[in-house]
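Subject: Structure for your review

Dear colleague,

Please find the structure below, followed by notes on what was found in it. I would be grateful if you could read the two side by side.

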Amino acid sequence: MRTGIATVCLSGTLKEKMQACAIAGFDGIEIFEQDLVTSPLSPEDVRKMAADLGLGLDLYQPFRDFDGVTPDLLKANLRRAEAKFKLMSRLGMDTILVCSNVATATIDDDGVRAEQLAQLAGLAGDHGVKVAYEALAWGKYVNDYEHAYRLVEMVDHPNLGTCLDSFHILSRDWDTAPIEQINPEKIFFVQVADAPKLSMDVLSWSRHYRVFPGEGQFELAKFMGHVVRAGYTGPVSLEVFNDVFRQSDVERTAVDAMRSLIWLEEQSAKWLGDNAGTGTDGAAAGGAAHRRRYPMELATLPKVNEPAGFNFAEVKADDTAQLERLLGQLGFGFEGRHRTKDVQLWTMGQARVIINEQAASHAEPSIAALGFDVDSPVIASARAQQLKAPVVARKVQADEEVFQGISAPDSTEIFLCQGSPDGTAAWTHEFGEGLEHARSALNAVIDHVNLAQPWQHFDEAVLFYTSALALEPQPFAEVPSPSGLVRSQVMETADGAVRLVLNLAPVQQGHAPKTYQEHIAFAVDDLVAAARAARSRGLDFLEIPANYYEDLDARFDLAPGFLATLRELNLLYDRDADGEFLHFYTATVGSVFFEMVERRGGYSGYGAPNAPVRHAVQYDSLHR
Ligand SMILES: O=C(O)c1ccc(O)c(O)c1
Ligand SMILES: [Mg+2]
C-alpha cells in the first residue's frame, strides 16, 4: 500500500512538515495549497526537497468551486485552473484534487456539470495533469461519491477521475459497497480520515474533528476493503483536519499518523480475509483458501491477542513512605526488595504493585509503568515496534526475567510480560530473598487503571492501545468536575480482564494545584470487610459528602442498614441491569490514589455516576 499524508494534517512550515513526513516513513504527500502559498520556498525548491527526502508529491489540493457555474465564471475558473496546472508542472506534480462546488454553483444540471468538467479535463490533458473530482459532504449539488463518479463516467476523459475521501462518504452514511463497481482506472486518489460520531453540521465536523484511523468510530477497514476490491492501487493518504494535531509537535504527529496507516493496512487485510466471498468476487466463495488476490499489496503485522490481565502496576516516588503506608493499610503485604534494583514488591492476592525508589529527587508519587500478560512478549513487542512504539530499555542481570517494554504516548512504560495460566508471575522470586513473606490474606486483582492523558496526546493514546495492545475503545464519556469537563475513554478487553481508563484532564490554570490525578483500582470479593479492615489500620479514605448518600437513597431506595454502612465507610455505590458496584477511594499522594472495588453480578462499568463526586472531593481537598 502506498502511504501518503496531506500537509494540512500537521503543524509547522512546509519544510518542517515535509521533513517530518520523511522521517515517519511516508511514501508521498499531498500539498495543501495554503502551505505552498505561504512558503518562502519556490516550487522548484519544493520539488528538489521532496526528491532529496524521497517523498512523492502525489496530490495538489484543493481546487474549489469549479462546476455548475455561469459561462462568465467558467471562463474565470478555467483561467485559474490553467495557472495551477502550470504551477504543478514546476512542482513536478501530475494530480490535482477538484472538490465539488459548495459556493458558486447556480446550475443544478448534470449535463452542464459534465460539459464543464470535460473542458477542465481537456485543459488538464494539455498540461499532462489528472483531475481527481471529489464530492464534499456539504457540496451544494454534488455531495455523494456515486454522483461524482457518474459525472466522471459521463465525461469519459482520460484526465478526469474521482477522489474517494472516507470522511465525506462515512459522515453521510453512504453505503460503501458500490465503491467496488467503480472502474479502478477512474479512481485517481483515495483519502482516509476517521472521526468520532458527533451530531453536528458536517462541515464543522470535518474541519475540526477528523482524526487518524483507529482514533474515531468510522468503519475504515470496510471502506478500504471495498477500495481494494475495486482494484485500486494508488496512494492511500491521510487527510485529517484537526485542531489539536495542527498545533502539536510535528514529528510526533507524523509518527502517530504513520502508525494509523500501518494499522489500517493490517485491519483492511483482515477485513478482506474475514469477508472473502461476500463481495462482487463472490465466485471465489469458499473462504481463505480461495481468497482472490487483489492488485494492492497489503502488509500485515505480527498477530497478538488481547492481553489476559494486568501483570503489575508500578508507582514511582522519591520519598516512598506514603505509598508504603497506603498499600499496607489497604491490606497489601510487603514481599521484599529486588535483589539488584531499588524497587519493592507489594502484593494482595494476584494484585502486584511495584514501588520504584529510583525517581528523581523530590519527584511526587506517580504511576510509572504497567505490565500486561500476553501470549508472547517477543511477538507483542515486535508488533509494537513495527507500529513505531518507542522501546524502553531497562537494565537486567543475567538471571533475571527480561521485560519487553514500550513507551505509551503519556510516557507510561508498558511491559509485555509472559502470562501464566494461574495468574502468578515468575519474576517475583527476584524479590525478598531470605525474607519471611508477609502474604496478604485478601484475594485481589488489579481491576482497572486510570491514566491522565496530556490533551495533545489523547487521540494518539487511543490508537496506541488499540493497535499495539489490542484493547477496544468504548464510546467516550464526559464527566463534570469543578475544574472542567473531564473526557473519559475506556479501553478494555472483551472479557474485561484488562480495563484502562484514559482521562483527558482539563487544562491546568496558572499556578493552581495539580488537579489531574491517576489511580489503580483493586477488586476484592468483600468490599465492606476490606474497608473495615483498612479503617482499623488507619487508612485515610476520600471523604464522601452526606448529600451524596441522600441522592443515592432517592435513586436506589436502599435498605437503611446498607445505606448506613455505605455512609459509615465512605463507600460509593452504583447499580445497573447487570449488577452492583461498590467502591471507595484513598486520599491522594502526589498524583496517585488507589481505589478498591467489588463487582456484584455482571456489573461491568466503573461507577461513572460517582465520578463527579470523586472529582469534587479531590478538588476540595487540594484547595482547602
Ligand atoms: O474542507 C474542505 O474544504 C476540504 C477540502 C479538500 C478536501 O479534500 C476535503 O476533504 C475537504
Ligand atoms: Mg478530501
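How far is an oxygen atom of ligand 1 from an N or O atom in the side chain of Glu134? The separation is 2.8 Å, which falls under the definition of a polar contact (a pair of N or O atoms within 3.5 Å; within protein, one must be able to donate a hydrogen and the other to accept it, and residues adjacent in sequence count only if both atoms are side-chain atoms).

Before going further, please note that this is a predicted model, in which local features need pLDDT of at least 70 and side-chain atom pairs count only at pLDDT 80 or more, while totals for chains, interfaces and linings use all residues. Residues are numbered from 1 along each chain as its sequence is written, chains are lettered from A and ligands numbered from 1 in the order in which they are written, and side-chain values use heavy atoms, with hydrogens and water left out.

The ligand

Ligand 1 also has an oxygen atom 2.6 Å from a polar side-chain atom of Arg207, and a polar side-chain atom of Glu239 lies 2.7 Å from an oxygen atom of ligand 1. Taken alone, ligand 1 exposes 290 Å², of which the protein buries 100% (accessible areas come from the Shrake-Rupley method with a 1.4 Å probe; for residues, only the protein chains shown count as cover). There are 14 residues around the ligand, and those that come nearest are Arg64, Glu134, His168, Arg207 and Glu239, where a residue is near if one of its heavy atoms lies within 4 Å. By class, this shell has six charged, five nonpolar and three polar residues (Asp, Glu, Lys and Arg count as charged; Ala, Val, Leu, Ile, Met, Phe, Trp, Tyr, Cys and Pro as nonpolar; the others, Gly among them, as polar).

Aromatic pairs

The count of aromatic pairs comes to 23 (rings of Phe, Tyr and Trp, the last by its six-membered ring, pair if their centres lie within 6.5 Å; planes under 30 degrees apart count as stacked, over 60 as edge-to-face and the rest as tilted). The rings of Phe403 and Phe415 have centres 5.9 Å apart and planes at 45°, so this pair is tilted. Phe403 is in the loop between strand 14 (391-392) and strand 15 (404-407), and Phe415, twelve residues away, is in strand 16 (residues 413-418) (helices, H or I of at least four residues, and strands, E of at least two, are DSSP runs numbered from the N terminus). Phe415 is buried at a relative accessible area of 0%, whereas Phe403, at 22%, counts as partly exposed (buried means under 20% relative accessible area, exposed over 50%, partly exposed in between, with a 1.4 Å probe and protein chains only). Ring pairs link Phe403 and Phe415 with Phe312, Trp427 and Phe431 into a cluster.

Which pair is edge-to-face, with planes at 80°? The rings of Phe562 and Tyr573 are, with their centres 5.5 Å apart; Phe562 is in helix 16 (residues 560-568) and Tyr573 in strand 23 (residues 572-576), and Tyr573 is buried at 0% relative accessibility.

A helix contact

Thr466 has its place in helix 13 (residues 458-469) and is buried, with a relative accessible area of 11%. A polar atom of the Thr466 side chain lies 2.6 Å from the backbone oxygen of Val462.

With kind regards
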